Amino acid sequence: QVQLVESGGGLVQAGGSLRLSCAATGRDFSSYAKGWFRQAPGKEREFVAAISGGGVGTYYADSVKGRFTISRDNAKNTWYLQMNSLKPEDTAVYYCNAGSRSLVVAGPYWGQGTQVIVSS
């Protein structure tokens, strides 16, 4: 059974940083794209960042470009989202995603979500 487990969320002041992790078990995602999405209260889930299986290609939403960095450790079947210069509008539940062959299409596997709250 495939499981994606996020960690690293929490409460941070505006301008601060957090690092999210997503650890996958049950399937090797090293050759698949991996990503992060988020959903704020009352809003639809939106794309944040994605990284190719080989780690060479990355893709970011315009709203986080230059502030967030996605990375992966295929040996650990884990990927990360380093979030710097956080803003109150980054407040959301963050979900990791995997299983796609494309950076722009979500895969079928989702984590349970981790809450990020950025206070002003």
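Q: How do the residues of the lining of the largest cavity divide into nonpolar, polar and charged?
A: Eight are nonpolar, five are polar and one is charged. Here Ala, Val, Leu, Ile, Met, Phe, Trp, Tyr, Cys and Pro count as nonpolar, Asp, Glu, Lys and Arg as charged, and the others, Gly among them, as polar.

Q: Before we go on, what kind of model is this?
A: A predicted one: local features need pLDDT of at least 70, side-chain atom pairs count only at pLDDT 80 or more, and totals for chains, interfaces and linings use all residues. Residues are numbered from 1 along each chain as its sequence is written, and side-chain values use heavy atoms, with hydrogens and water left out.

Q: OK, back to the cavity. Which residues lie nearest its centre?
A: Ala50, Asn97, Ser102, Val105 and Ala106 do, out of 14 residues that line the largest cavity. On a 1 Å grid over the protein atoms alone, a cavity is a set of points where a 1.4 Å probe fits but cannot get out, a pocket is an open set with protein on both sides within 12 Å along at least five of seven lines, and lining residues have an atom within 4 Å of a point.

Q: Which strands supply at least two residues of that lining?
A: Strand S4 (33-39), strand S5 (46-51) and strand S9 (92-100) each do. S4 gives the largest share, with four residues. Strands are DSSP runs (E, at least two residues), numbered from the N terminus.

Q: And which residues line the largest pocket?
A: The lining of the largest pocket is made up of Arg38, Gln39, Ala40, Lys43, Glu44, Glu46, Pro88, Glu89, Thr91 and Ala92. Of these, three are nonpolar, two polar and five charged.

Q: What does glutamate 46 meet in a salt bridge?
A: The side chain of arginine 38, at 2.6 Å from N to O. A salt bridge is a side-chain nitrogen of Lys or Arg within 4 Å of a carboxyl oxygen of Asp or Glu. Both Arg38 and Glu46 also belong to the pocket lining.

Q: Are those two buried or exposed?
A: Arginine 38 is buried, with a relative accessible area of 5%. Glutamate 46 is partly exposed, at 36%. Buried means under 20% relative accessible area, exposed over 50%, and partly exposed in between (1.4 Å probe, protein chains only).

Q: How many salt bridges are there?
A: The count comes to four. In another of them, arginine 38 meets aspartate 90 at 2.9 Å, N to O. Arginine 38 lies in S4 and aspartate 90 in the loop between strand S8 (78-83) and S9, so the pair ties together parts that are 52 residues apart in sequence. Aspartate 90 is buried, at 0%. Salt bridges that share partners join Arg38, Glu46, Arg67 and Asp90 into one network.

Q: What about aspartate 62?
A: The side chain of aspartate 62 meets that of lysine 65 in a salt bridge of 3.0 Å, N to O. Aspartate 62 is exposed, at 65% relative accessibility.

Q: New topic. How many disulfides are there in the whole structure?
A: One. A disulfide joins cysteine 22 to cysteine 96, S to S 2.1 Å, where the cut-off for a pair of cysteine sulfur atoms is within 2.5 Å. Cysteine 22 is in strand S3 and cysteine 96 in strand S9, 74 residues apart, and the pair links distant parts of the chain.

Q: Why is that disulfide right-handed?
A: The torsion about the S-S bond of cysteine 22 and cysteine 96 is about 50°, so the disulfide counts as right-handed. Cysteine 22 is buried at 0% relative accessibility, and cysteine 96 is buried at 0% too.
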